[in-house]
Amino acid sequence: MTSEAQREIDERTNLTSSNKFELLLFRLGKDAHGDKSELFGINVFKVREIVEMPKITAIIGAAKGVLGVVNLRGQVIQVIDLPFIVGCQPVTGLNIMLVAEFARHTIAFAVEAVEEIVRLDWTQVLAAEGNAASGMVTSIARLDGDVDNTRLVQVLDVEAIQRRVSPTPDQEVNPGTIGPSLNLRPGSVVLAADDSPMARTLMEKSLEAMGAPFVMTRSGKEAWETLQSIEADARKEGLTIRDKVALVLTDLEMPEMDGFTLTRNIKQDVRFSGLPVVIHSSLSGTTNEDHVKSVGADAYVAKFAPAELAQVLRSVMSR
């Protein structure tokens, strides 16, 4: 491995300690009105590789939006027609295939063109709720910062898209299948954070099945502010944060403040000494799990497996 390649790997790894991330920008074609081709993005940590479009084998009875499968490096991978899903029309065709890994799945997305990789601060990213009724966009990235006429990028919720195109039966979420209730201190809650509406719904169902009261937030910044507010109220009552919050359950990719920064803030603040933090993320894989350990999280669990989530939370609470 060259020193330059190692430097790039080290820089990318260090992004998790600075509330920054890298976004792969790509285009899908003109929109339904035949206007300009908008920019879309996906977190680089989810992209395994980028290849020219190979020959695709069509699958009989495949769902709309599924082009078929390809055999890539010994693995058969489903290919999704991303322009079709979001309502765009490629001008030059489906030229590029993005192979992505998330939530322990490997899937490929056909796109028209790849633009570049940009390095952004999570403060440049705003939640898309209210501006993206489709549920396929988690956030809007402002490439040039908070200035008028900044270039905007729609960050796609690839998990939601994958589940929409190829739905898989969720594990049944009820007390019978999820196991024993989570044993929390009376009066305490789980403080949870996730920017995806779909993920929040699944988390809420899981926590309800565990019999665990919770407070749900939509970003790391909101969770951090909520935690500080709860701690201040606890002090006024002569209590500690552990009397009010049993643990923090957080996603990693979130606008304004990511889960790495949230976890680090909690672990480095004496007010929250001993407060458990569990990462619940679609950024699966050894590298990302190593990043989780580096910020001091107590555990990591990949989305979306309610029974496994319950088991991890019970394990953390029993320590």
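Colleague: Let us start with a helix: which are the buried residues of α3?

Modeller: Bear in mind throughout that this is a predicted model. As a general idea, an α-helix has 3.6 residues a turn, so residues three or four places apart point the same way. In the present case helix α3, residues 158-165, is mostly covered, with 7 of its 8 residues buried; these are Val 158, Glu 159, Ala 160, Ile 161, Gln 162, Arg 163 and Val 165. Helix α8 is likewise mostly covered, 7 of its 9 residues being buried, and the buried set consists of Gly 259, Phe 260, Thr 261, Leu 262, Thr 263, Arg 264 and Ile 266.

Colleague: Turning to strands, which strands pair with β6, and in what sense do they run?

Modeller: In a regular strand the side chains alternate between the two faces of the sheet. Here β6, residues 96-102, is mostly covered, since 6 of its 7 residues are counted as buried, that is, under 20% relative accessible area. Strand β3 (residues 47-52) is joined to β6 by 5 bridges and the two run antiparallel, with Glu 52 standing opposite Ile 96 of β6. Strand β7 (residues 105-111) also pairs with β6 in the antiparallel sense, over 7 bridges, and in this pairing Glu 101 is opposite Thr 106 of β7. The strands β6 and β7 form a hairpin with 2 residues between them, and Ala 103 in the turn has a positive phi of about 50°.

Colleague: Which residues touch the most other members of the largest nonpolar core?

Modeller: In soluble globular proteins, nonpolar side chains tend to be buried together. The largest nonpolar core in this model has 27 residues, and those touching the most other members are Phe 26, Leu 82, Phe 109, Leu 156 and Ile 161. Two or more residues come from each of β1 (20-30), β2 (37-43), α2 (82-86), β6, β7 and α3, with β6 giving the most, namely 4 residues. Leaving out residues up to four places away in sequence, Phe 109 touches Ile 80, Leu 82, Ile 96, Met 97, Leu 98, Ala 100, Phe 102, Val 158 and Ile 161. There is also a second, separate core of 22 residues, which includes Leu 184, Ala 212, Leu 249 and Leu 309.

Colleague: How many aromatic pairs does the structure hold?

Modeller: A pair of aromatic rings is described by the distance of the centres and the angle of the planes. The structure holds 3 aromatic pairs. One of them, Phe 21 with Trp 122, is stacked, at 3.9 Å centre to centre and 15° between the planes. Phe 21 lies in strand β1 and Trp 122 in the loop between β8 (113-121) and β9 (125-127), so this pair ties together parts that are 101 residues apart in sequence; both residues are buried. The ring centres of Trp 224 and Phe 272 are 5.6 Å apart and their planes lie at 70°, so that pair is edge-to-face.

Colleague: Finally, is Glu 253 buried or exposed, and which side chains make polar contacts with its side chain?

Modeller: Glu 253, in the loop between β14 (245-250) and α8 (259-267), is buried, with a relative accessible area of 12%. Its side chain makes a polar contact of 2.9 Å with the side chain of Asn 43 and another, of 2.8 Å, with that of Lys 46. Beyond its neighbours within four places in sequence, Glu 253 is in contact with residues including Trp 122, Asp 195, Ser 282 and Leu 283.

Note on methods: Residues are numbered from 1 along each chain as its sequence is written. This is a predicted model: local features need pLDDT of at least 70, side-chain atom pairs count only at pLDDT 80 or more; totals for chains, interfaces and linings use all residues. Side-chain values use heavy atoms; hydrogens and water are left out. Buried means under 20% relative accessible area, exposed over 50%, partly exposed in between (1.4 Å probe, protein chains only). A polar contact is a pair of N or O atoms within 3.5 Å; within protein, one must be able to donate a hydrogen and the other to accept it, and residues adjacent in sequence count only if both atoms are side-chain atoms. Contact means heavy atoms within 4.5 Å. Two strands pair if DSSP finds at least two bridges between them. A nonpolar core is a set of buried Ala, Val, Leu, Ile, Met, Phe, Trp, Tyr and Cys residues joined through side-chain atoms within 4.5 Å. Rings of Phe, Tyr and Trp (its six-membered ring) pair if their centres lie within 6.5 Å; planes under 30 degrees apart count as stacked, over 60 as edge-to-face and the rest as tilted.
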